[in-house]
Amino acid sequence: MRLGPVGKGLRVLVAVVGIGLLINGSVRASDDAWPFGPMSQYAMSVPDDAKIDYTRISAVTDAGTTVDVPLNIEGAGVARAEIEARTGEIVKDPSLLQQVADGWARKHPDKPKYVKLELIRDTTQLVKGRVEGPPTSQVLATWEVRP
């Protein structure tokens, strides 16, 4: 059985639309359009002599404690991959961290509120495939949370 001109045209149309959606998602460089755009969590191998960066957000709460923000949908309502994909934007505009505090407060009204957030990059150095010393931390952005 051969594919007729309508079937061929439909397949070409579907392919063109799919490629267009993928290009759109790739240009925006955001996981929001997944599966038609980048997903920042692809697994990859790490060379024996490399730096491994781990991005996290630390929060000071209104109870005076310092905690790591749970970067998942259940925690602050945003996934770690989204934070990692938008690190450059957050560094330029730390007010974007307000959304993390708002998400936490909305999802956990009975828990201490965040009053200050820091975007931190922890770097672990590998030498010959083994961890060389403790990770180093660098504060990339700080935000005083608005009530």
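Mentor: Let us begin with L10, which is exposed, its relative accessible area being 52%. This is a predicted model, and L10 lies in helix α1 (residues 5-28).

Trainee: Why is L10 called exposed?

Mentor: The term exposed requires a relative accessible area over 50%. L10 has 52%, so L10 is exposed. L10 also belongs to a nonpolar surface patch with L13, V14, V17 and L21, whose accessible area together is about 450 Å².

Trainee: How do you know that K128 is exposed or buried?

Mentor: The relative accessibility of K128 is 71%, and therefore K128 counts as exposed, the limit being over 50%. K128 is located in the loop between β3 and β4 (130-131). Its phi is positive, about 55°, although K128 is not a glycine.

Trainee: What makes H108 buried?

Mentor: Buried means under 20% relative accessible area. H108 has 17%, so the term buried applies. The residue sits in the loop between α4 (98-107) and β3 (114-127). Apart from neighbours within four places in sequence, H108 contacts E74, G75 and K113.

Trainee: Which residues of the largest nonpolar core touch the most other members?

Mentor: They are I57, V69, I83, V100, Y114 and L117, out of 20 residues in that core. At least two residues each come from β1 (51-61), α4, β3 and β5 (136-144). V69, leaving aside neighbours within four places in sequence, contacts I57, S58, A59, A76, V100, Y114 and L117.

Trainee: What makes the pair D122 and R56 a salt bridge?

Mentor: The rule asks for a side-chain nitrogen of Lys or Arg within 4 Å of a carboxyl oxygen of Asp or Glu. For D122 and R56 the N to O distance is 2.5 Å, and their side chains meet in a salt bridge. D122 is in strand β3 and R56 in strand β1, so the pair ties together parts that are 66 residues apart in sequence. Both residues are buried.

Trainee: How do you know that E89 forms a salt bridge with R86?

Mentor: The closest N and O atoms of E89 and R86 are 3.2 Å apart, and the cut-off is within 4 Å.

Trainee: How many helices and strands does the protein have?

Mentor: There are four helices and five strands, which follow the pattern α-β-β-α-α-α-β-β-β along the sequence. Buried residues account for 29% of the 147 residues.

Key: Residues numbered from 1 in each chain as written. Predicted model: local features only at pLDDT ≥ 70, side-chain atom pairs only at ≥ 80, totals over all residues. Heavy atoms only, no water. Buried < 20%, exposed > 50% of the residue type's maximum accessible area, 1.4 Å probe, protein only. Contact = heavy atoms within 4.5 Å. Core = buried A, V, L, I, M, F, W, Y, C linked by side-chain atoms within 4.5 Å. Patch = residues over 30% accessible without salt bridge, like charges linked within 9 Å, V, L, I, M, F, W, Y side chains within 5 Å. Areas by Shrake-Rupley, 256 points an atom, 1.4 Å probe, with all protein chains shown as cover.
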